Amino acid sequence: MNKIKNWKFPVIILIAFFVTLVSAFVQPQGVQAAVKDGAVYVIPVDQPIERGLQKFMERGFKEAEEMQAGLIILQINTPGGLVATTKEIGDMIQASKIPTVAYINGDAASAGSYIALVSDYIAMSPASTIGAAALVDGRNNYIDDPKLVATWKSNMQAAAEKNDRKKEIAGGMTDLNMVVEMPEINKTKEKGQVISLTAKEALEVGYADKIVTSPAEVATWLNYSTDNIYTMEQTAFEKLSSFLTHPVVSTILLFIGIAGILIELFVPGFGVPGIVGFLSFVLYFGGSYVAGIGGSETWFLFIIGIALLVSELFVPSFGILGVLGSASLITGVVRAAYDTSTALVSLGIATAAAIALVIIVSIVFKEKGIWNRFILSDNMTADRGYSSVRTREDLIGMEGVSATPLRPSGTAVIGTERVDVITEGDYILANEPIYVYKVEGSRVVVKKQSEREFNGVK
């Protein structure tokens with residue numbers, strides 16, 4: 001019995017020592033892993049991907065670095081956007097020294113999928129989706145250019161492989177001709193389809209690392225404190241530029257700008273339409289400039305375009321100045337928009353509406369129209385001193401000499417002026433003294449001076 005007791009005591013001591021050792025090393029490590037240094041910086045990616053969003057995100061990454069953030073969360077809900085801009089944003093994400101999480105809280109469609117894939121982690125809200133990244137044109141028709149599709153497909157697959165995700169799925173998000181087996185979710189992507197995954201599907205195929213409902217859950221999942229979560233806010237100028245560059249607002253600004261300038265050109269004298277039109281264009285190009293979409297070249301193209309169109313009204317160029325001015329103006333407007341097709345649609349709608357308004361204003365104020373400068377509007381009547389035939393009543397009674405024989409018409413010198421004259425049927429030789437008897441319209445009737453003396457007129 002004593003032997004058994006002696007055996008149990010060392011075993012109990014050994015177990016206690018082992019438990020103490022585990023508590024000393026394992027527990028402190030768990031506490032250390034639960035709290036990582038650095039704040040969590042949330043950058044919203046909730047608009048079409050264009051140069052304005054790129055500038056916004058560049059500012060966010062810079063601020064995150066300045067505050068020595070430990071984690072950047074990209075809160076994504078975007079329909080996609082420009083491929084070139086997406087690539088530049090992706091390069092910025094990969095170059096960042098701060099770990100990045102793509103938290104998809106809506107749709108990471110098209111180019112949004114690429115931004116998610118180049119991030120270090122992907123977290124998704126339960127109702128979110130990722131995929132549908134095939135290239136489309138301005139009318140949402142699929143682009144079938146093999147070179148463009150292959151390049152974009154390679155970019156997506158490289159982004160997937162960066163974090164050991166199956167590149168075939170990324171290819172199936174972009175290439176309609178691929179066939180992709182996804183046994184994890186019992187699905188097969190056939191030709192003519194593109195892959196779009198729900199949050200649950202993405203988690204099962206390895207295209208999401210966690211399903212969460214908020215940035216705070218993302219921070220907790222990666223062992224960051226939820227006490228230091230900062231969400232990036234737009235500045236007042238960024239909010240204004242976002243409003244001004246909205247497709248509907250930009251269309252209205254273009255309409256007011258075009259209508260105001262045209263009314264001032266064709267129905268001058270008001271001043272207000274021209275000022276309002278000019279200010280509308282300033283807001284259109286100013287919003288684009290602040291958003292980082294358009295540079296100073298858009299202002300230059302706009303000013304040149306307006307100058308050429310005005311010159312066309314006064315300088316005969318057979319339409320050359322008008323064509324060049326229109327081309328310059330259209331180019332400036334398109335370059336100031338984040339999407340070419342959207343800009344052309346907005347410009348077309350605005351131009352049609354502006355022309356209709358100008359026609360109405362021109363009809364209402366037709367007496368002020370610029371075309372009145374080229375139309376003779378005065379009535380040249382006799383009572384205003386106008387006559388289609390020059391009359392010579394001022395010659396009545398004046399004396400002269402017949403320069404040629406009058407048979408009965410000819411030429412006479414009256415005063416110092418040679419005048420075509422006519423008699424009442426009499427024949428008068430050259431160098432005979434005559435006088436103007438009467439004037440009938442353009443006919444200057446003369447008689448011999450001897451007849452004047454005889455009739456007692458003198």
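What percentage of the 458 residues in the chain is buried? In this predicted model, for which local features need pLDDT of at least 70 and side-chain atom pairs count only at pLDDT 80 or more, totals for chains, interfaces and linings use all residues. Residues are numbered from 1 along each chain as its sequence is written, and side-chain values use heavy atoms, with hydrogens and water left out. Buried residues make up 39% of the chain, where buried denotes under 20% relative accessible area, exposed over 50%, and partly exposed the range in between (1.4 Å probe, protein chains only).

The secondary structure comprises 15 helices and 15 strands; helices (H or I, at least four residues) and strands (E, at least two) are DSSP runs numbered from the N terminus. Among contacts with a separation of 6 or more, 59% involve residues 24 or more positions apart, a contact being defined by heavy atoms within 4.5 Å. The chain exposes about 25,500 Å², of which carbon and sulfur atoms supply 60%; accessible areas come from the Shrake-Rupley method with a 1.4 Å probe, and for residues only the protein chains shown count as cover.

Empty space was examined next. Rolling a probe the size of a water molecule over the atoms shows where such space is left. The second largest pocket has a volume of about 330 Å³. A pocket is an open set of points on a 1 Å grid over the protein atoms alone, with protein on both sides within 12 Å along at least five of seven lines, whereas a cavity is a set of points where a 1.4 Å probe fits but cannot get out; lining residues have an atom within 4 Å of a point. Grid points are joined across faces, edges and corners, and the volume is the space filled by probe spheres set on the points. The lining of the second largest pocket consists of 18 residues, with I258, L262, L309, S326 and L329 nearest its centre. Helices α10 (247-266), α12 (296-314), α13 (320-335) and α14 (340-364) each contribute at least two residues to this lining. By class, 14 of the lining residues are nonpolar, three are polar and one is charged; Ala, Val, Leu, Ile, Met, Phe, Trp, Tyr, Cys and Pro count as nonpolar, Asp, Glu, Lys and Arg as charged, and the others, Gly among them, as polar.

Two of these helices were compared with their expected spans, taken as 1.5 Å times one less than the number of residues. The 25 residues of α14 should span 36 Å, in agreement with the 36 Å between its end C-alpha atoms. An α-helix has 3.6 residues a turn, so residues three or four places apart point the same way. The buried residues of α14 are A343, S346, L347, A350, A354, V358, V361 and S362, and their cover includes α10 and α13. In α10, buried positions include V249, L253, G257, I258 and I261.

In helix α13, I320 is exposed, as its relative accessible area is 52%. The C-alpha atoms of I320 and L308, 12 residues apart along the chain, are separated by 9.3 Å.

T85, in helix α3 (residues 83-95), is buried because its relative accessible area is 6%; beyond neighbours within four places in sequence, T85 is in contact with I49, E50, R51 and Q54. N155 belongs to helix α5 (residues 146-162) and counts as buried at 19% relative accessibility. Leaving out residues up to four places away in sequence, N155 touches K87 and Y114. K210, in strand β9 (residues 210-211), is partly exposed at 35%. With neighbours within four places set aside, K210 is in contact with I122, A123, M124, L203 and W221.

Backbone geometry was also considered. Most residues other than glycine have a negative phi, and most peptide bonds are trans. A132, in the loop between β5 (129-131) and α5, has a positive phi near 50° and is partly exposed at 33% relative accessible area. D164 lies in the loop between α5 and α6 (167-174); its phi is positive, about 60°, and the residue is exposed at 75%. A cis peptide bond, with omega of about 0°, joins R407 and P408, and P408 is located in the loop between β11 (399-402) and β12 (409-414).
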